[in-house]
Amino acid sequence: MNKNLIVTILAIIGGIVVLGWVLKLTFNLLGPLLLIGLAVLVYLVFFKDKSNR
């Protein structure tokens, strides 16, 4: 096995590990982010309309 093949295999393994961490972090933060997004949406729908009148 030459050096380029070893580096490529290690890079692929490292990328999979990093992707796993990113997905884990994303799913851990998904609940709070959805709640914050829902709260902002409700605020925009109910309170933004009254200020225009």
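Me: How many of the 53 residues of the protein chain count as buried, in percent?

Reply: Please note that the model is predicted. A residue is called buried under 20% relative accessible area. In this protein chain, 0% of the 53 residues count as buried.

Me: What radius of gyration does the protein chain have, beside that of a compact globule?

Reply: A compact globule of 53 residues would come near 10 Å, whereas the protein chain has 22 Å. Along the principal axes, its C-alpha atoms fill a box of roughly 70 × 20 × 5 Å.

Me: Is F46 buried or exposed?

Reply: A residue counts as exposed over 50% relative accessible area. F46 is exposed, because its relative accessibility is 53%. This residue lies in helix α1.

Me: How far apart in space are F46 and V22?

Reply: Their C-alpha atoms are 35 Å apart, with a sequence separation of 24 residues.

Terms used: Residues numbered from 1 in each chain as written. Predicted model: local features only at pLDDT ≥ 70, side-chain atom pairs only at ≥ 80, totals over all residues. Heavy atoms only, no water. Rg over C-alpha atoms; globule rule 2.2 N^0.38 Å. Buried < 20%, exposed > 50% of the residue type's maximum accessible area, 1.4 Å probe, protein only. Helix = DSSP H or I, 4+ residues; strand = E, 2+ residues; numbered from the N terminus.
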